[in-house]
Amino acid sequence: MLWKNVAYLMLETTILDKLYRPHPSYIPKKIFCNIKSVGQNEFYQAEVAGLKPEIKIETKLIDLSNVGHVKIKDKLYKILRTYRKEDIIEIVLTSMVVANE
């Protein structure tokens with residue numbers, strides 16, 4: 001299978017600031033994938049559950065431990081669900097909304 005797009009798995013780590021308070025930090029890991037749209041049926045089922053899936057990617061089967069976010073084209077997405085199909089994994093993503101408070 002040909003992978004057309006690039007995404008970055010954001011491995012979560014914790015760093016300490018000058019006052020030794022923990023803050024989340026991300027280490028990017030480059031992967032090649034195919035970007036797909038979320039299916040209509042899956043979209044409406046997620047809406048009923050209060051979720052908003054936006055994008056779906058397919059890539060080779062990889063280890064997703066300590067990975068909660070994916071960065072595609074300078075936009076950060078949260079992993080909503082994963083689905084394994086033989087040697088391919090399908091990852092459904094939702095965008096991260098940052099509230100200005």
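I began with charge. The chain carries 16 positive and 12 negative side chains. I then looked up where the two sets sit: their centres lie 4 Å apart. I note here that this is a predicted model.

Next, the overall layout. Reading along the sequence, I wrote down the order as β-β-α-β-β-β-β.

Then I looked up the extent. Along the principal axes, the C-alpha atoms fill a box of roughly 45 × 30 × 20 Å. I read the accessible surface of the chain as about 7400 Å². Carbon and sulfur atoms account for 53% of that surface.

What share of the 101 residues is buried? I noted 30%.

I turned to the largest nonpolar core, which has 15 residues. Ile 57, Val 70, Ile 72, Ile 91 and Leu 93 touch the most other members. Which strands supply at least two residues each? I listed strand 1 (5–16), strand 2 (22–36), strand 3 (55–60), strand 4 (67–72), strand 5 (75–85) and strand 6 (88–95).

Last, I checked contacts across the whole chain. I took those between residues at least 6 apart in sequence. Of these, 51% join residues at least 24 apart.

Conventions: Residues numbered from 1 in each chain as written. Predicted model: local features only at pLDDT ≥ 70, side-chain atom pairs only at ≥ 80, totals over all residues. Heavy atoms only, no water. Core = buried A, V, L, I, M, F, W, Y, C linked by side-chain atoms within 4.5 Å. Buried < 20%, exposed > 50% of the residue type's maximum accessible area, 1.4 Å probe, protein only. Helix = DSSP H or I, 4+ residues; strand = E, 2+ residues; numbered from the N terminus. Contact = heavy atoms within 4.5 Å. Areas by Shrake-Rupley, 256 points an atom, 1.4 Å probe, with all protein chains shown as cover. Lys, Arg positive; Asp, Glu negative; His and termini not counted. Charge placed at Lys NZ, Arg CZ, Asp CG, Glu CD.
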